Amino acid sequence: MWMRLAAIAAFALVPRVYAQEPVPAVPLTLDAAIARVALDHPDLRLVDAQRPVLEARRDAAALRPPMEVGVALENLLGSGDARGVQGAEATVSLSGVLERGGKLDARRLLAQAGIDALAPQRATARLDLLAEAARRYLDVARAQSALDIAMSDIEQRRRAVNAARQRLQAGASPESVLFTAQAMLAQAELDRDRATQEAASARLSLAALWGARQASFTAVTGNALQLPALRSFDVLADELQRAPELAELLGEQRIREAQLQLARTASKPDWNWQAGVRNNRADSATSMVAGFSIPLGSARRAAPEIREAEANLALLPYERQARQQQLYATLAEAHGRYAGARLEVERMNRDVLPQLQKAERAAERAWRAGAASYMEWAQLQAMRIEARQRQLDSAIAAHTALIEIQRLTGQSMLAEDATVAVENAR
């Protein structure tokens, strides 16, 4: 079955060979589908493409304030002794800013926190995309199973049509029975055509995840009615603590802490300094000049920004608690839906379908023998098909719940053998 669990790290380690080799016209496995999505989907490339941007910001944040070279001319083009350039004074100076309060380290910390936050963001994006690929893969499997049910229905309806024609020719049943059997056969063929169309649409939707315009595979592997046993709810609830969505909040906490530290550094004013050489043309004297300035009121101006940063940081525990409760509730719902749907699949397979099959065969023998009406046999045929469809719907609901559980807890749907193969290809 395609829902085996393995390490999520394998999702990122797909060899480039998938982009070069043609896709064989054989049943597609979930591992192969995920590998193609991991290789070609732009959402993953978008997350990775953000790193150079953040690294450039980090490099810019590590730069100190630039020093400036200045030239000042005084007593130029005046009158009297300052006529022309005779009394001109020229000053060449070098000025800069002396940062105080750890502003440089705070900028570096904030920029690095943004880079570190990419890892959980990438993990969440991969899980969401992986779950979407699994859901579309499941749509193909459901359509295939529905097609199998329709083909089985057609087979038994054709058998009924042949039997009705023989009895009509023998004068044992009216012509209306044959017409009814033919109408039910036409309905079964309609179900087959609809399932065929749904399967084609589902394959195209799955192939679109890796950018294909046509589905080059004709079927997918796996049996939708096979459902693995699920671990206890308490064990899965404990794994929520390591969920990528909560890890994103941890990265957000580092960013807000860095923002608070940077805001606090603004309360200590920077010193502006200046030093240079002045030359007086009138007496050819040269002298040194120097000076500095300190802005006033820096602490008062920085206070609102500090309060805002503190308030944003104080919000995180509540955001984390709210997110945990939401994840817990979603996990509880998905776990319950999986358990209920799995129970229904098993009971239908063990108790309902075998009995309906026996009843349908007994009704066929009775009708052929003239001991039962055709409608009794036809009704049992319909009940059996409806039961199989109900079982399939329950199995699909169970797999959908399982995909959600794996997404919430950060588990992968890659098989273990696929994980090993990917690791060996590195």
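This is a predicted model: local features need pLDDT of at least 70, side-chain atom pairs count only at pLDDT 80 or more; totals for chains, interfaces and linings use all residues.

**Entry: salt bridges along helices.** I began with Arg51 and Glu55, which sit four residues apart in helix 2 and are therefore separated by about one helical turn. Helices here are DSSP runs of H or I with at least four residues, strands are runs of E with at least two, and both are numbered from the N terminus. Arg51 and Glu55 form a salt bridge, with 3.6 Å between the closest N and O atoms. I took a salt bridge to be a side-chain nitrogen of Lys or Arg within 4 Å of a carboxyl oxygen of Asp or Glu. Arg51 is partly exposed at 30% relative accessibility, and Glu55 is partly exposed at 26%. My cut-offs are under 20% relative accessible area for buried, over 50% for exposed and partly exposed in between (1.4 Å probe, protein chains only).

Residues are numbered from 1 along each chain as its sequence is written, and side-chain values use heavy atoms, leaving out hydrogens and water.

Next I checked Asp153 and Arg157, whose side chains meet in a salt bridge at 3.1 Å, N to O. Four residues apart in helix 4 (residues 118-169), Asp153 and Arg157 are again separated by about one helical turn. Are Asp153 and Arg157 buried or exposed? Both Asp153 and Arg157 are buried.

I found Asp193 partly exposed, with a relative accessible area of 42%, and Arg192 partly exposed at 22%.

How many salt bridges does the structure hold? I noted 28. I also wrote down a network of salt bridges that links Asp128, Glu245, Arg323, Glu404 and Arg407.

**Entry: helix 7 against helix 8.** Helix 7 (residues 244-265) and helix 8 (residues 298-368) have axes that come within 9 Å and cross at roughly 170°. The axes are lines fitted to C-alpha atoms over the stretch in contact, and angles run from 0 to 180 degrees between N-to-C directions. Helix 7 and helix 8 are therefore roughly antiparallel to each other (the label applies to angles over 145 degrees). Their contact has 11 nonpolar, four polar and 10 charged residues. Ala, Val, Leu, Ile, Met, Phe, Trp, Tyr, Cys and Pro count as nonpolar, Asp, Glu, Lys and Arg as charged, and the others, Gly among them, as polar.

Gln324 belongs to helix 8 and is partly exposed at 25% relative accessibility. Gln324 and Ala243 are 81 residues apart in sequence, yet 9.5 Å apart in space, C-alpha to C-alpha.

**Entry: Ala200.** I located Ala200 in helix 5 (residues 175-207). Ala200 is partly exposed, with a relative accessible area of 32%. Ala200 and Ala219 are 19 residues apart in sequence and 9.4 Å apart in space, C-alpha to C-alpha.

**Entry: the whole chain.** I noted 10 helices and four strands in the protein chain. The order of elements from the N terminus is α-α-β-β-α-α-α-α-α-β-β-α-α-α. Of the 426 residues, 38% count as buried.

Note on methods
Angles under 35 degrees count as roughly parallel, over 145 as roughly antiparallel, 65 to 115 as roughly perpendicular and the rest as oblique.
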